[in-house]
Amino acid sequence: MHQRITLFTGKNPYVADEGVFLDELRRHVRFHVEHCSVYALLLKKSSFTPEQVAREEDVHRIPPLTTLYLKRNRLLSMPERKLLLQATSSGTRGSVSRIGFDCSSMLLGLAMAARMFAYHGLISLRPAHYIILGYEPSKQSDLGAMKSAYGASWFAPALSRTYALKSTKNGYVENQAGVKNALLRIAKSNAPVRFIGFPAYFAFLLRELEKDGIALALNPHSRVLLGGGWKQFTSEAFTLEQLQTMVKRHLGIPKERIHEFFSAAEHPLAYCKCSRGHFHIPAYSRVIIRDTHSLESLAFGEAGLLNFVSPLVKSMPLVSVMTDDLATLHEGETCGCGIQTPYFVPLGRAGVRSIQTCSAVIAERGGEMRGK
Ligand SMILES: [Zn+2]
């Protein structure tokens with residue numbers, strides 16, 4: 001247990017101890033094999049045993065579960081009653097993943113996130129107003145994006161919280177006008193403002209300020225934290241450089257104080273962009289890029305499906321999760337920011353055809369399995 005805590009909460013999240021990671025990974029796979037019969041069967045059909053992961057280069061051998069498979073099959077390694085926190089994916093394609101966390105995974109996840117935020121200088125004792133460009137917490141909703149945005153609003157004491165999506169008796173309603181009014185009001189207080197949430201809502205707010213010719217000079221300790229929908233930038237004519245220019249012009253916040261995060265409901269770890277704009281991989285996870293057809297692991301620089309590996313969650317076998325995002329992987333030194341671990345560059349969603357191909361390959365390899 002001690003080794004597990006050290007792996008996830010080391011002071012520098014990017015200093016990796018390969019031996020400790022592989023030890024924990026094998027132990028973690030064994031745990032899920034013992035506690036989740038469907039997962040055990042899946043690994044057996046792939047003729048995989050944890051002992052096959054002897055070196056770093058073997059991590060790709062762990063059979064991945066696709067996010068699509070996890071949306072259709074709820075795999076548990078603990079009784080439902082032990083799950084203290086539930087989070088669902090946003091389900092832009094109609095189906096959602098329901099992820100459950102037991103007490104130890106939840107506490108470890110919180111400690112891990114706090115370490116990562118502290119490393120990137122995001123924890124402050126200076127009280128701030130929060131503009132949350134996402135969902136207001138509600139008892140009716142388990143959205144992971146809502147919980148992570150709300151969680152991030154604890155990293156500096158909150159003077160106020162205003163939400164772009166307000167919870168009402170009839171569900172969520174957009175509150176863009178309320179956000180703008182709140183911003184104009186709190187800008188006069190001279191306390192820092194922290195913007196957290198979806199890039200699309202943030203872009204909308206910036207356009208509103210542009211339309212009205214508003215140029216605020218917010219407290220220099222203000223920050224922008226964006227995640228959970230960065231892809232929307234690529235579909236809009238809105239580059240990162242344009243975003244940085246607009247943030248400086250309309251809010252007075254320099255680009256060094258804009259932070260981008262990457263996460264997935266089925267892989268609840270936060271990846272934070274470095275000073276050069278790259279998502280480096282922390283000590284407690286690995287990224288494999290797989291060919292969209294053969295699922296073989298690809299070399300640095302080659303584009304394929306983004307597959308995350310981490311021994312964080314004990315309640316569900318989310319050891320190796322293949323997303324439907326395309327990405328490339330690069331050697332850490334090529335970034336130049338000082339962080340030595342490799343980094344990945346997300347390239348957007350893979351086409352439906354690629355995903356179906358992947359699912360077909362997985363079904364072929366492991367057989368179709370449903371339920372526990
Ligand atoms: Zn870097």
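Helices (H or I, at least four residues) and strands (E, at least two) are DSSP runs, numbered from the N terminus. The model is a predicted one, in which local features need pLDDT of at least 70 and side-chain atom pairs count only at pLDDT 80 or more, whereas totals for chains, interfaces and linings use all residues. Residues are numbered from 1 along each chain as its sequence is written. Within H8, Pro199, Ala200, Tyr201, Phe202, Leu205 and Leu206 are buried (20 or more other C-beta atoms, placed from the backbone, within 10 Å of the residue's own; exposed denotes 12 or fewer, and partly exposed the range in between). Just after H8, Gly213 takes a positive phi of about 65°.

An open sheet of 7 strands has the order S6-S5-S4-S7-S8-S9-S10, with mixed pairing, two strands being paired if DSSP finds at least two bridges between them. Its edge strands, each pairing on one side only, are S6 (171-174) and S10 (267-272), and the twist averages 25° from one strand to the next. Strand S9 (residues 258-264) pairs with S10 in the antiparallel sense over 3 bridges, and Phe262 stands opposite Tyr271 in S10. Helix H7 (residues 176-187) packs on the sheet, touching S4 (128-135), S5 (158-168), S6 and S7 (193-197), with contact taken as C-beta atoms, placed from the backbone, within 7 Å. The direction of H7 makes about 170° with that of S5; axes are lines fitted to C-alpha atoms, for helices over the stretch in contact, and angles run from 0 to 180 degrees between N-to-C directions.

Two residues that are not glycines also call for comment. Asn190, in the loop between H7 and S7, has a positive phi of about 65° and is exposed, with 9 other C-beta atoms within 10 Å. Leu295, in the loop between S12 and S13 (304-309), likewise has a positive phi of about 65°, but counts as buried, with 22 C-beta neighbours inside 10 Å.

The protein averages a pLDDT (the predictor's confidence in each residue, from 0 to 100) of 86, and 87% of the residues score at least 70. Confidence is highest in strand S12 (residues 286-290), at a mean of 98, and lowest in helix H9 (residues 232-235), at 46. Over residues 230-235 pLDDT stays under 50, and the model has 9 contacts beyond four places in sequence for them. Where pLDDT is low, the predicted coordinates should not be read in detail.

Technical notes. Contact = placed C-beta atoms within 7 Å.
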